[in-house]
Amino acid sequence: MRAAILREYGNEPEVVEIDRPHLPNDSVMVEVHAAAINPIDWIIMAGHMQQMLPYALPWTIGYDVSGVVVEVGSDAAGIAVGDEVFARADGMQAGTMAEFAALKATDLAIKPGNITHAEAAGVPLAGLTAWQALFDKGGLKEGQRVLIHAGSGGVGTLAIQFAKNAGAWVASTASVANQDLVERLGVDQFVDYKTERFEDAVEACDLVFDMVGGDTLERSFDVVKPGGTIVSIKGEAPEGLAAERGVSFHAFFMQPNGDQLSDIASLITGGAVEPVLDSTYPLDDVAEAYRFAESGGPSGKVAIAIR
Ligand SMILES: NC(=O)c1ccc[n+]([C@@H]2O[C@H](COP(=O)([O-])OP(=O)(O)OC[C@H]3O[C@@H](n4cnc5c(N)ncnc54)[C@H](OP(=O)(O)O)[C@@H]3O)[C@@H](O)[C@H]2O)c1
């Protein structure tokens, strides 16, 4: 099968012929229609995650997938040949930028029927991250105030919609070029992070969802109420700051979760949430697609069409 692989750390991905993956008993084989790009991919390809994720090279890239089940492992329950599914692959089953991918049945959900495979492929990693940050770690409730940084990105575009659907008041930072997009997604207050200090514009939040880190994370402590929460997917807070301000702080890495992905799929099917797809590249142009995504050009997701 054709697949996008990383041959050596520091290289761009290349498209080659490789064998189909092995199918473990707890997994299903998916004929991949689309995959999607995430920042973790280029962080891994640059060699920055070698200790935490010691992948053997050559390594087939890609965590996000949408496609059709063609084979079911003997212990894989609740899924059938012909089902249209999407997933964030388990870390050891990465390799979705390929014609076939083996995926744990518990990581899969049925793909919403009202969106394309390219749109669906952009949802799992970003959507599960937003879901786990807002609800599992952030405990977001109806009527609360939340600041979501980077609202125009893959995670942010879904986080804004999940928070609005939960009945929260939502402020978001992004570039002015993306103001119309984030306002269309429902934000109550937009802040252009390039020209305004968000801590001067937004106050008394119950929750801040940070995906920028550094100075943005530190300044977020000026926006959250005592007793509130800051969740970061990008870094640790300066030592002692959370205790000093009387707020809870959580930094975490998202996990695949087929049940939560099914909840997200229901919101998409019901029309409450709409995936934001910037562009789709053919597999042969995968290196160019990564250059574009890493440049910060896209609003929302970049997908790779496999078939
Ligand atoms: N820990 C985890 O499990 C986990 C999971 C997913 C993602 N992440 C991390 O979270 C980050 C976001 O992921 P993503 O997939 O959403 O990335 P993305 O699609 O590339 O979006 C990045 C966004 O960041 C915005 N941005 C850049 N600098 C900013 C600033 N100073 N203030 C506010 N917004 C800023 C950009 O907005 P404009 O284009 O409008 O300027 C862009 O839309 C990445 O660093 C990724 O590695 C971590």
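The shell around the ligand takes at least three residues from each of domain 1 (2–123 + 275–305) and domain 2 (126–251), with bounds from an automatic or database domain assignment. This is a predicted model, in which local features need pLDDT of at least 70 and side-chain atom pairs count only at pLDDT 80 or more, while totals for chains, interfaces and linings use all residues. Residues are numbered from 1 along each chain as its sequence is written.

Let's start with the domains. Their centres, taken over C-alpha atoms, are 28 Å apart. Eight residues of domain 1 are in contact with eight of domain 2 (C-beta atoms, placed from the backbone, within 7 Å).

Now for the ligand. It is surrounded by 25 residues, and the closest are Ala 150, Gly 153, Gly 154, Ser 175 and Ile 233; a residue is near if its C-beta atom, placed from the backbone, lies within 6 Å. The table sorts this shell by class.

| Class | Residues in the shell |
|---|---|
| nonpolar (Ala, Val, Leu, Ile, Met, Phe, Trp, Tyr, Cys, Pro) | 12 residues |
| polar (the others, Gly among them) | 12 residues |

Which element gives the largest share of the shell? That is α4, with three residues; helices are DSSP runs (H or I) of at least four residues, and strands (E) of at least two, numbered from the N terminus.

In α4, 10 of the 12 residues are buried, meaning 20 or more other C-beta atoms, placed from the backbone, lie within 10 Å of a residue's own. Among them are Gly 154, Leu 158 and Phe 162. Their cover includes α3 and β10. After α4 comes Gly 167, with a positive phi near 90°.

Technical notes: Two residues are in contact if their C-beta atoms, placed from the backbone, lie within 7 Å.
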